[in-house]
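Here are my notes, in numbered points, for you to read with the model open beside them.

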Amino acid sequence: MESVARKLYEGDFEVMDDERYYTIRGRQFDRTVKYTIDDLYALPEDWRVELIDGVFYDMASPSIKHQRILRNLSFTIENFIRSKGGKCEMFFAPCGVKLHADNDRTFVEPDILVVCDPNKIKDRWCVGAPDWIIEVVSPGNPGHDYVRKLRKYTETGVREYWIVDPRNEAVTVYIRTDGKYIDKSYKFTDTIKAGIYDDLFIDFNEISADPYNL
């Protein structure tokens, strides 16, 4: 589970996690304090912030390229699920996920999540690990998806996790098989099979296509 991309970012984040204080939008927070979901919801309503192991992380504003990929992936996955009449549901950000049912110190907002257990869907968020999560990497904070979220998603048993990196035109796929995660690397020129389905293939040439050549 040690992808090249993960190694590139892991060292930087180990150092940052050792710092006691951190600042989000001009407000200082103490890393030794383990904040909860209640603290998260007490923040200003216009803040998009995630909570991981009691620490807040600001979410970067998505670029147009980020939004285009997210839109195309969402359409492709939703159309597939509808065509099959399956019980799984797809959601996209902002949609909260409480990864641990009995732990209120981690609360994330994946770009895309697919949940196949209806009991995990509550009124305000998903409780428990989704079956499939896709994160589109923000250029200002790539290690958040490659390191921190990878750890939490694999720790809580997410069946499949895709990291879509627009800057490097790469996709890293983690699939849980027999209790272990196997990772594979792809480029935007590839067609990638979804692990949780037998017949869903996603052509990233189409997903990442830019009609304006920006």
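1. C88 and C116 form a disulfide, with their sulfur atoms 2.0 Å apart (the criterion is a pair of cysteine sulfur atoms within 2.5 Å). A disulfide is a covalent bond between the sulfur atoms of two cysteines. A search of the whole structure finds one disulfide. C88 lies in the loop between α3 and β5 and C116 in the loop between β7 and β8, so the pair ties together parts that are 28 residues apart in sequence. The torsion about the S-S bond is about 100°, so this disulfide is right-handed.

2. A word on the basis of these notes. The model is predicted: local features need pLDDT of at least 70 and side-chain atom pairs count only at pLDDT 80 or more, while totals for chains, interfaces and linings use all residues. Residues are numbered from 1 along each chain as its sequence is written, and side-chain values use heavy atoms, with hydrogens and water left out. Helices (H or I, at least four residues) and strands (E, at least two) are DSSP runs, numbered from the N terminus.

3. C95 is buried at 15% relative accessible area, and C126 is buried at 2%.

4. Now the sheet. Six strands form an open sheet with mixed pairing, in the order β5-β7-β9-β10-β11-β12; two strands pair if DSSP finds at least two bridges between them. β5 (89-92) and β12 (180-187) stand at the edges with a single partner strand each, so one side of each is left without a neighbour in the sheet. From one strand to the next, the twist averages 15°. β5 and β7 run antiparallel and are joined by four bridges; E89 has V115 in β7 as its bridge partner.

5. Helix α3 packs on the sheet, touching β5, β7, β9 and β10, and its direction makes about 15° with that of β7. Helix α4 lies across β9, β10, β11 (170-177) and β12, running at about 170° to β10. For these angles, axes are lines fitted to C-alpha atoms, for helices over the stretch in contact, and the values run from 0 to 180 degrees between N-to-C directions. Contact means heavy atoms within 4.5 Å.

6. How many salt bridges are there? The count comes to 10, taking a side-chain nitrogen of Lys or Arg within 4 Å of a carboxyl oxygen of Asp or Glu. One of them joins D53 and K152 (2.9 Å, N to O). D53 lies in the loop between β3 (49-52) and β4 (55-58) and K152 in helix α4 (residues 142-155), so the pair ties together parts that are 99 residues apart in sequence. D53 is partly exposed at 37% relative accessibility, whereas K152 is buried at 4%.

7. E135 and K149 also meet through their side chains in a salt bridge (2.8 Å, N to O). E135 sits in strand β9 and K149 in helix α4, 14 residues apart. Both residues are buried, and together with E50 they are linked in a network of salt bridges.

8. T106 is worth a look alongside point 7. This residue is found in the loop between β6 (96-98) and β7 (112-115) and counts as buried at 0% relative accessibility. The T106 side chain reaches the backbone nitrogen of D53 at 3.0 Å. Not counting residues up to four places away in sequence, T106 touches residues including D53 and K152.

9. Finally, H66 is placed in helix α3 (residues 64-84) and is buried at 6% relative accessibility.

Methods: Buried < 20%, exposed > 50% of the residue type's maximum accessible area, 1.4 Å probe, protein only. Polar contact = N/O pair within 3.5 Å; in protein donor to acceptor, adjacent residues only side chain to side chain.
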